[in-house]
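The structure I consulted comes first.

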Amino acid sequence: MIVASVELKNVTYIYNKGTPYETKALDDISLSIPGTGITGLIGHTGSGKSTMMQLINGLLKPASGEVCIDGRSIWDEPKKIREIRFKAGLVMQYPEYQLFAETVEEDIAYGPKNMGLAGEELHKRVLDAAVFSGLDVSLLNKSPFELSGGQKRRVALAGVIAMQPQILILDEPAAGLDPGGRREILGGVKRYARESGTNVIIVSHSMEDMALYCDDLVVMAGGKILMHDTCAAVFSRAEEMLAVGLDVPQITSVAFALAKHGVDIGRDVYTVDWAADKIAEFGKTMKN
């Protein structure tokens, strides 16, 4: 699959424009996501994350500026905006509540059918998407409403994957799941991104999830982009994150606390495994 890049050029979006309730959700932001890994989008409720996702998907049109995929504005041909929604697939938060078909297979097939697929090609898309999503194919003939919460989440994810989008946008894909369910869903998404070459953008409030599964992070606040860098670089600026009311992974907080007590294992530690290696290195240095 050809990787699709995403670029926002001086984009502003205003809700309820021209009314007393006018709100600027995004304020002249520019962002480039080349699509070579998984990008995490973090920020408080109201920071502009959901608005940005819907702009990339073509559900919203910017008040000013351009949203581009592969260097071309998605609004150059407004009549073809439906094609953008196939190219940039969006999985909203708690997508299991949007399931509606009689069987799992029919639910997964809904998007590809709207793209004009049928017959064996459609069936193969459904099977491949189910496997990629970690869904047992024996469940395809069951009603989606008989499944567990995690299984329903996989059905919804498979429904978007079946359209083979070049960009996959996920809003809190592991929200409400237990730790095991979170690992299965997010681990599956990471594997899918690596194997398919899809440009994946994940929105989450869990800094631990962001640290484990993303390659780079976009930090948002008040409709602006505060940072866009690797996970290590972003979390090394923990004090700035905390100053705007955002969390950092617990292990990053531990690393900062250790540094204050003379055990400096680095300010860019953001996973437990990394911290363990750094502590071991520090211990060897002290012995020497």
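**Entry 1. Contacts of S133.** I listed the partners of S133 in this predicted model, leaving aside neighbours within four places in sequence. S133 is in contact with R154, L157, A158 and I161. I placed S133 itself in the loop between α4 (119-132) and α5.

**Entry 2. Helix α5 against helix α3.** I next looked up how helix α3 (residues 104-114) packs on helix α5 (residues 149-161). The angle is about 30 degrees, and the axes are 7 Å apart. Angles under 35 degrees count as roughly parallel, so α3 is roughly parallel to α5. I recorded the crossing of α3 past α5 as right-handed. On the α3 side I found V104, D107, I108 and P112, which meet V155, A158 and G159 in α5. By class, this contact has five nonpolar, one polar and one charged residues. A158 in this list is also one of the partners of S133.

**Entry 3. Helix α5 against helix α6.** I repeated the look-up for α5 and helix α6 (residues 179-196). Here the angle is about 20 degrees, with the axes 11 Å apart. That makes α5 roughly parallel to α6. The crossing of α5 and α6 is right-handed. From α5, the residues G150, R153, R154, L157 and I161 meet E184, I185, V189 and Y192 in α6. I noted the classes for the contact of α5 with α6: five nonpolar, one polar and three charged residues. R154, L157 and I161 take part here and are also in contact with S133.

**Entry 4. Cysteines.** C214 counts as buried at 6% relative accessibility, and C231 counts as buried at 1%.

**Entry 5. Surroundings of L26.** I located L26 in strand β2 (residues 23-33). At 0% relative accessibility, L26 counts as buried. Leaving aside neighbours within four places in sequence, I found L26 in contact with V11, T12, Y13, G48, T51, M52, L55, M220 and G223. I also noted a pairing across the sequence: L26 and G222 are 196 residues apart in sequence, yet 7.7 Å apart in space, C-alpha to C-alpha.

**Entry 6. Positive phi angles.** Finally, I looked up two residues other than glycine with positive phi. N16 has a phi of about 55 degrees. I placed N16 in the loop between β1 (6-15) and β2. With a relative accessible area of 47%, N16 is partly exposed. For E172, phi is near 50 degrees. E172 is found in the loop between β7 (167-171) and α6. Is E172 buried or exposed? I recorded E172 as buried, with a relative accessible area of 9%.

Key
Residues numbered from 1 in each chain as written. Predicted model: local features only at pLDDT ≥ 70, side-chain atom pairs only at ≥ 80, totals over all residues. Heavy atoms only, no water. Axes fitted to C-alpha atoms, helices over the stretch in contact; angles between N-to-C directions. Helix = DSSP H or I, 4+ residues; strand = E, 2+ residues; numbered from the N terminus. Parallel < 35°, antiparallel > 145°, perpendicular 65-115°, else oblique. Left-handed = near helix turned anticlockwise from the far one by under 90°. Contact = heavy atoms within 4.5 Å. Nonpolar A, V, L, I, M, F, W, Y, C, P; charged D, E, K, R; others polar. Buried < 20%, exposed > 50% of the residue type's maximum accessible area, 1.4 Å probe, protein only.
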